[in-house]
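Dear colleague,

Please read them alongside the structure itself.

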Amino acid sequence: MLRTPMGGAGHGTATADDRLVSIGTVLSVLRDEFPEVTISKIRFLETEGLVEPQRTPSGYRKFSPEDVERLAQVLRMQRDHYLPLKVIREHLDALERGEQIQLPVSGGTPETGADCPTAARIGRSELLAAAEVGEDELDEWESYGLITPLPGGDYDAEVVTVAKLVADLGRFGLEPRHLRAVKAAADREAGLVEQIVAPLRRHRNPQTRAHAEATAKELAELSVRLHAALVQSALGVRLH
């Protein structure tokens, strides 16, 4: 359990306001266990609805001990179980209702590689069936780099989503050659994410290195949302 500084020491029982702390104090408390956490990260978790600090009349955030502990729970679930924020929010809501939750078994450290999460794989025939396309179409997508098989000929299960989207766009007349720019943009975004998480993966602290995967997922989610918002804005349409 994290310990947060309390006001009112030596003056009797602290009031509710005395127990509230600033975001800077929250950062200091959390960094004992999560050295990579930043104020921007705390603010991001707030915007995602994972914590709701009080606000002073002038707009400053004030966090209760319960807020700080909730933030620590979020960071642990990311670091130890590689959970996306949506799932973490569902788990926290369940805990607040008094329900029990089942967390996935933590993976090993980067040094050993034991029990590290591995991507699900599917065969070529499974991919063709899932995407409802033929051999020729898949060959063309691979020639343009939209889909890349893994060593041995299998595929990361995530490419099923890619294949379905490419097929759907093809029904509007968009051919693989038209999508090369989209693929190039995605590769550049992935490169930016890699630049940010690379120092975490090289960190001497094993917990920080393990946190790199959760950080990469979070950055990927933000990048996808930004891309969607930019396309929507450029077209002048509302998607929802």
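In what follows, Ala, Val, Leu, Ile, Met, Phe, Trp, Tyr, Cys and Pro count as nonpolar, Asp, Glu, Lys and Arg as charged, and the others, Gly among them, as polar. This is a predicted model, in which local features need pLDDT of at least 70 and side-chain atom pairs count only at pLDDT 80 or more, while totals for chains, interfaces and linings use all residues. Residues are numbered from 1 along each chain as its sequence is written, and side-chain values use heavy atoms, with hydrogens and water left out.

On a 1 Å grid over the protein atoms alone, a cavity is a set of points where a 1.4 Å probe fits but cannot get out, whereas a pocket is an open set with protein on both sides within 12 Å along at least five of seven lines; lining residues have an atom within 4 Å of a point. A volume is the space filled by probe spheres set on the points, which are joined across faces, edges and corners.

The structure holds 1 cavity of 30 Å³ or more, and the largest cavity has a volume of about 40 Å³. Its lining consists of Gln-78, Leu-83, Pro-84, Leu-85, Ala-214, Lys-217, Glu-218 and Glu-221, which by class makes 4 nonpolar, 1 polar and 3 charged residues. Helix α9 supplies the largest share of this lining, 4 residues; helices here are DSSP runs (H or I, at least four residues), numbered from the N terminus.

The second largest pocket has a volume of about 210 Å³. Of the 14 residues that line this pocket, Thr-38, Lys-41, His-211, Thr-215 and Glu-218 are the closest to its centre. At least two lining residues come from each of α2 (39–47), α8 (180–201) and α9 (206–235), and α9 gives the largest share, 5 residues.

Turning to helix packing, α1 (residues 23–30) and α2 pack at an angle of about 110°, with their axes 10 Å apart; axes are lines fitted to C-alpha atoms over the stretch in contact, and angles run from 0 to 180 degrees between N-to-C directions. That makes α1 roughly perpendicular to α2, a term that covers angles of 65 to 115 degrees. The contact (heavy atoms within 4.5 Å) is made by Ile-23, Val-26, Leu-27 and Leu-30 of α1 and Ile-39, Ile-42 and Arg-43 of α2. By class, this contact has 6 nonpolar, no polar and 1 charged residues.

With best wishes

Methods. Angles under 35 degrees count as roughly parallel, over 145 as roughly antiparallel, 65 to 115 as roughly perpendicular and the rest as oblique.
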